[in-house]
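Colleague: Hi! Could you walk me through this structure, one piece at a time?
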Amino acid sequence: MAFSHETTPGTDVYGPGTYIDKKVLPVPEDARRVFEYLASTTPGFTQNKEAWNTVRFEGCPDPMIPGSIKAPVVAAALHAMCGVVANELLEIRDGRPASEGSVMVNTDQAAIWLGSALTSHINGSDIKSLVEAGKLGSLFDRDYEQGFGKGLASRATAIYQTKDPNVWYQLHGSLNANHVLETMGIDTSVIFDSPSEYYDYIQKHVRQWSPDELEMHNVRHGLCGSICYTPGSWRKTEMGKQLAKHPFVNYTHETYAVPTPQQPLPKISTDQRPLAGIKVLEMVRIIAGPTIGVTLAAFGADVIRVNCSRLPDLNVLQLVLNAGKRTIDLDITKPEDLSRLRELVADVDVFVQGFRYGSLDRKGLGLCNMLEMAANRGKGIVYVDENCYGPDGPFAERPGWQQIGDAASGSSYVMGALGALMAIRDRAVKGGSYHVMSSLVAADNISLEQEVGLYPLDVVHKTAEKFGFVPTTPDQFVTEILFQVVDGWKKGRPGYVDEDSPLMVTFEEGPWGRQTLLKPVVRLGDDAATPRWTSPSVPNCYHDRNIDWR
């Protein structure tokens, strides 16, 4: 397909390797354009234009997040692709032609989805109100944060200037910030009165390191971190070149594995959603991995999330990212817990893991182990790897979080769910097992493609003025930025994130009482099949470990 969207190099504005729109399209129209671009360049996605034409985008014409990057446009396009595959699944299962279905995506809702972790309401109070009243912590019986994000640790994850004043570095405290800082010789016992003083204290130390010294230090110690590349300079790195060889939505049929037969999609009389009856086991933490599972749960999958209660996580994320799931506590360093996990895995359709690439192999939970298990049972599996850098290349086994992907790719995220949906479709038709690779850096790279484009400065300034967005600073943590964005939505899109918003869904009874969440983004023509959660979010490690598949 030929694309007529025109851009101009943004070197003098946003840095080398960036491209700015010559003509700014209304957001729904732009989402349609990006949808067709991604659809045409994604192996395995239907090239039937009749199926594409079932997609409709609606929403306000102007952007609603700060900055130049079109993350909501890309998110809307990817959600729409999920909807198209969902209709293909319905055709396979129920015989209804996919071309007769429809897919609707609200681009404003797709924008809010990017910050949905902080848009929940509990018993009538939104997250920010609970934080400001000092009541958020009281919601949780178990503090998974274990000191994470407090004191000096609150500024261990930030962007710092290096010895080279023109090169900045994304430092990341991961989930053990004191350890990260202590490996750099930084005294973690200091106490200051304000977050800015903690940032200045760390900055004083980081400025003594060159970018390459920081990189080698983190590689040596197995820590997170990345030079803040320009998009152009990232594409010239060996890792950038290797990642560019793979499609953005990256799933493969593991044809070398022992063949397994076609797997008819389950038919559940009480649930018409496309993935009803599909069993998903999820071993993930923080945001990106749980987002895959919560999306599959909305499409009808039975998702069991496995956490280890001794490992840290962010408390607030449980309020949103466990919707529609059941959660259990297993510590796979204990033989009895590992045995229980393998019992669950034995009948699973999809296994989602968000740990460092290859790190589960030694526990017998790697891709090859799962393919052998699938062969022995005669039923293929979909293995989803969510990591930072992708399936191969010099950085493939390095740890990373979203901020690392942002810094590496040159950017300041649903591909795993889409890959899983296409793999489940193919398993039903062709049989076999499939490997889905969801890379944070690859997700960022989509928004930096020339065919996607960036907003010109005048659009960025106009959006900031309308929503009251204030400039972000290198020292801010992601939740601080998100709270500012949510405040902007309250001003620029009144009512959108309120408890009674038509974009929200409320569960009257749950572990935290009455809970309101942002609805799943995709709407299908058949209300009975439209993605939804049938149960509210629950805390991590909430259910009995002996639960079984529904």
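Colleague: Which exposed residues does the face of α15 turned away from its buried side carry?

Modeller: That face of α15 carries C368, E372 and N376. Keep in mind that this is a predicted model.

Colleague: And which residues of α15 are buried?

Modeller: In α15, which runs over residues 367–377, the buried ones are L367, M370, L371, M373 and A374. They cover an arc of only 160 degrees around the axis, so they sit on the same side of α15.

Colleague: Nice. Let's switch to α5. How many of its residues are buried?

Modeller: In helix α5 (residues 107–114), 8 of the 8 residues are buried, so the helix is largely enclosed by the rest of the structure. Among them are D108, Q109 and W113, along with I112 and L114.

Colleague: What does a side-chain oxygen of N106 reach at the start of α5?

Modeller: The oxygen comes to within 2.8 Å of the backbone nitrogen of D108. D108 is itself one of the buried residues of α5.

Colleague: Okay, strands now. In which sense do β12 and β13 pair?

Modeller: They pair in the parallel sense, over 5 bridges. β12 covers residues 302–307, and R305 has T327 in β13 as its bridge partner.

Colleague: Why is β13 described as largely enclosed?

Modeller: Because 4 of the 5 residues of β13 (residues 325–329) are buried, the rest of the structure largely encloses this strand.

Colleague: What about cysteines? How many disulfides does a search of the whole structure find?

Modeller: The search finds 0 disulfides. As a reminder, a disulfide is a covalent bond between the sulfur atoms of two cysteines.

Colleague: Is C224 buried or exposed?

Modeller: C224 has 5% relative accessibility, so it counts as buried. The cut-off for buried is under 20%, and C60, at 21%, counts as partly exposed.

Colleague: Let's zoom out. How many helices and strands does the protein chain have?

Modeller: The protein chain has 20 helices and 19 strands. Its radius of gyration is 22 Å, close to the 24 Å that the globule rule gives for 550 residues, so the chain is as compact as a globular protein of that length. Along its principal axes, the C-alpha trace spans about 60 × 60 × 50 Å.

Colleague: Last one: what percentage of the residues in the chain is buried?

Modeller: Buried residues make up 59% of the 550. The chain exposes about 21900 Å², and carbon and sulfur atoms supply 51% of that area.

Note on methods. Residues are numbered from 1 along each chain as its sequence is written. This is a predicted model: local features need pLDDT of at least 70, side-chain atom pairs count only at pLDDT 80 or more; totals for chains, interfaces and linings use all residues. Side-chain values use heavy atoms; hydrogens and water are left out. Buried means under 20% relative accessible area, exposed over 50%, partly exposed in between (1.4 Å probe, protein chains only). Helices (H or I, at least four residues) and strands (E, at least two) are DSSP runs, numbered from the N terminus. Two strands pair if DSSP finds at least two bridges between them. A disulfide is a pair of cysteine sulfur atoms within 2.5 Å. A polar contact is a pair of N or O atoms within 3.5 Å; within protein, one must be able to donate a hydrogen and the other to accept it, and residues adjacent in sequence count only if both atoms are side-chain atoms. The radius of gyration is taken over C-alpha atoms; the globule rule is 2.2 Å times the number of residues to the power 0.38. Accessible areas come from the Shrake-Rupley method with a 1.4 Å probe; for residues, only the protein chains shown count as cover. The arc is that of the directions from the helix axis to the C-beta atoms.
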